[in-house]
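Hi,

Here is the structure I said I would pass along. Have a look at it first, and my notes follow below.

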Amino acid sequence: MELLRADRGDHALRTAALLRRSHPADKELQLAGLLHDIGRMLRPGDGARHAVLAAQALRPLLGERVARLVRLQAPAPAAGGADLPGGDAEAAASLRQAREAAGASGLDAGVLEDWRGLLELVAAGSCPAGNAAGPLGEPRGPVGGTR
């Protein structure tokens with residue numbers, strides 16, 4: 001959450017809000033929209049690899065699908081994976097469309113704190129029971145949380 005608060009823009013919030021409206025049942029897609037640019041904050045100036053960096057950081061925190069959707073926002077050579085499981089090609093396309101629409105949208109996207117509960121819920125489901133710390137040292141949810 002602290003890393004997300006450091007981003008003063010609300011593009012990520014608008015992207016997530018658009019996905020919440022268009023795909024209300026797909027919580028992982030919504031979080032991928034919220035977190036798709038986190039790689040730019042992790043390593044500023046590494047533009048070509050920001051989606052890959054974000055995916056690497058998010059995988060242990062929020063699971064494989066969120067990481068894959070974020071990674072697929074990279075330019076084509078870095079994204080890879082033409083055969084995507086579970087309709088992820090459509091989800092990745094929806095994420096790209098929401099990213100583009102968020103740039104032109106005047107949508108009131110709410111505040112970052114609105115997403116805390118969903119982040120914690122998905123993290124608890126993705127967190128291995130014996131490892132409560134993420135790669136950045138932050139807690140990943142309750143130890144022994146249900147899957």
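A quick definition before the details: the expected span of a helix is 1.5 Å times one less than its number of residues. Bear in mind, too, that this is a predicted model.

With that in hand, take α2, which covers residues 11-22. This helix has twelve residues, and from its first C-alpha to its last it reaches 17 Å, close to the 16 Å expected.

The chain has 147 residues, and 42% of them count as buried. Its accessible surface is about 7,600 Å², with 55% of that belonging to carbon and sulfur atoms. As for contacts between residues at least 6 apart in sequence, 56% join residues at least 24 apart.

How do α5 and α9 pack, and at what angle? Helix α5 (residues 50-62) meets helix α9 (residues 116-126) at about 80°, and their axes are 7 Å apart. Angles of 65 to 115 degrees count as roughly perpendicular, so α5 and α9 are roughly perpendicular to each other. On the α5 side the contact is made by P60, L61 and L62, and on the α9 side by L119, V122, A123 and S126. Those residues divide into six nonpolar, one polar and no charged.

Cheers

Technical notes:
Residues numbered from 1 in each chain as written. Predicted model: local features only at pLDDT ≥ 70, side-chain atom pairs only at ≥ 80, totals over all residues. Heavy atoms only, no water. Helix = DSSP H or I, 4+ residues; strand = E, 2+ residues; numbered from the N terminus. Buried < 20%, exposed > 50% of the residue type's maximum accessible area, 1.4 Å probe, protein only. Contact = heavy atoms within 4.5 Å. Areas by Shrake-Rupley, 256 points an atom, 1.4 Å probe, with all protein chains shown as cover. Axes fitted to C-alpha atoms, helices over the stretch in contact; angles between N-to-C directions. Parallel < 35°, antiparallel > 145°, perpendicular 65-115°, else oblique. Nonpolar A, V, L, I, M, F, W, Y, C, P; charged D, E, K, R; others polar.
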